[in-house]
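Please open the structure in your viewer and keep the sequence panel beside it. The tour below goes from one selection to the next and says what is found at each stop.

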Amino acid sequence: MNLRKLSIGVLAALMTFASGCQKNYLDINNNPNQVTAATPVLVLPSALSSSGSYFSTSFTFLNLWMGYWNWSGNYSIATSDKNYQFTSNFGTGIWDNGYIILKNYDYTETQAASLKQPLVQGIAKIMKALHFQILVDTYGNIPYTQSLQGLASSQPAYDNATAVYEDLFKQIDAALTLFSDADKLAAQGGTVLNPGTNDIMFKGDIAKWRRFANTLKLRMLLRQSEKADRQAFIQTQLATIKASGYGFLKSGENAAVNPGYANSAGQQSPFYGTYGYQVNGQPIEAYNINRSNKYAIDFYQSTNDPRLARFYAPVGGSGTTFNGTFFGTIAPVANNQTSGIGPGLLSDVNQPAYIMTSHEAFFLQAEAAQRGWIEGDPKTLYQQAITESFVNVGLTAADAAAYYAQATANVGWDASTNKIQLIVTQKWASLNGWSPFEAWSDYRRLGVPNVPISQDPSTSVKQIPVRLFYPQSEYNYNSSVVRQQGDINQFTSKIFWVR
């Protein structure tokens, strides 16, 4: 699929497909040939819904790689999923759907600018930065400056990944300036359109968008923490964040979308509807395929972590027994004797779709504080991160306090010598299921935790990949340009920030 040759109308129609919603559910326009008549505030909820689906369902393979899940012995999965020897047809939705969603945010931004709707324009800018960040983190150099120009650039050039990252900070700053401009206009008695409930993430709360923008920046800065040549850039950006005074996402502030998920075909929360249960309550096939990984179960059990029973379901109706297998090994027992995805991840058919959780936000702050990058007590931020994780999967703050009070390495602050390892290990423990991309990113950056390699006999390279291949669609329709990137190796062609 050549995304650069698609019209905005076709892209909008495809976006609804990519979001996993049935026809007429959150459609921005029933006639895609007239999509340009849609106001940006009406396109926004559909774009945000697509983002929720994208982050909920695009990274199943990373739950396998990162020690969270394994596949059931009752099913056979593709060799490429279990031995890292994939092709350019692997994970293509990350690229293809990513650019579809970006096109809709670009439309939203452009139209909001023309209609002088700075709040909607700023939100679209931030979400574009987020999606471009994920593409860089997955592929390295990507089409950026020419990627959303439609027919004007049907074969867009690839931009340097570092340059894209640096420009994303400028785009986020531009979004924050738009928010400030809106404040000034309102103070002068002008009319400023707030998207309100059409903003299905923060309900038009621009203070939260500001904090989300700064938290996204912090994530991107920490990606670069191990690169000596990026330290000056990091310090400059940290100064900008501090000067803004906006801070970061707070307790309970999950960046999550919910357009009104319901127990109807095509309207379930995307994670629930992909990995959980059908409308009739019966398990979806993906629930039966994806079982627990012994590596994660062993970790939670060895640290007396009550999240074990939230991330995984007990076997055989026991309520207390949890079994798993290492990635790459076939379970020697039936599905009812290996743990499935748990009730903390599959809480309800209308659960929100998470884009950035509050516990990730606090782990980012804890690491940054430990590095001396931001103000705040790293121990307090670390313990708040664990609390947020416990609450987000249905446990209590008291449960969290009892957990992190243990004098156990990689659990208790005072019991752990290497504080960065502690923070990132517990961050990994919190990202199970919903956010494996962030766990993969930390693993590529720091090698923490020491996740075991696939044990499948066909695994010839004992290394977790550092990137994916460019999709086959690029080699089909943008061949001469993508081939200028050279021969890509999933183990050695590193993203610029990978150590």
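Helices (H or I, at least four residues) and strands (E, at least two) are DSSP runs, numbered from the N terminus. Residues are numbered from 1 along each chain as its sequence is written. This is a predicted model, in which local features need pLDDT of at least 70 and side-chain atom pairs count only at pLDDT 80 or more, while totals for chains, interfaces and linings use all residues, and side-chain values use heavy atoms, with hydrogens and water left out.

Start with N304, which sits in the loop between α12 (294-302) and α13. The phi of N304 is near 55 degrees, a positive value in a residue other than glycine. Most residues other than glycine have a negative phi, and most peptide bonds are trans. N304 counts as exposed, because its relative accessibility is 53% and exposed means over 50% relative accessible area, buried under 20%, and partly exposed in between, with a 1.4 Å probe and protein chains only.

Next, select α5 (92-114) and follow it towards the loop that separates it from α6 (118-139). Helix α5 has 23 residues and reaches 33 Å from its first C-alpha to its last, close to the 33 Å expected at 1.5 Å a residue, where the expected span is 1.5 Å times one less than the number of residues. Just after α5 comes K116, with a positive phi of about 55 degrees. K116 also counts as exposed, at 68% relative accessibility.

Which residue lies in the loop between α13 (308-311) and β6 (353-356)? Select T325, which lies in that loop and is buried, with a relative accessible area of 10%. From T325, turn to S339: the two are 14 residues apart in sequence and 9.4 Å apart in space, C-alpha to C-alpha.

Now show α14 (residues 358-370) together with α17 (residues 419-430), which pack at an angle of about 175 degrees with their axes 10 Å apart; axes are lines fitted to C-alpha atoms, for helices over the stretch in contact, and angles run from 0 to 180 degrees between N-to-C directions. The two helices, α14 and α17, are therefore roughly antiparallel, a term for angles over 145 degrees. Among the residues that meet, H359, F363 and L364 are in α14, and I420, I423 and V424 are in α17, contact being heavy atoms within 4.5 Å.

Finish at P449, in the loop between α18 (436-446) and α19 (472-477), where the peptide bond from V448 to P449 is cis, with omega near -10 degrees.

Technical notes
Parallel < 35°, antiparallel > 145°, perpendicular 65-115°, else oblique.
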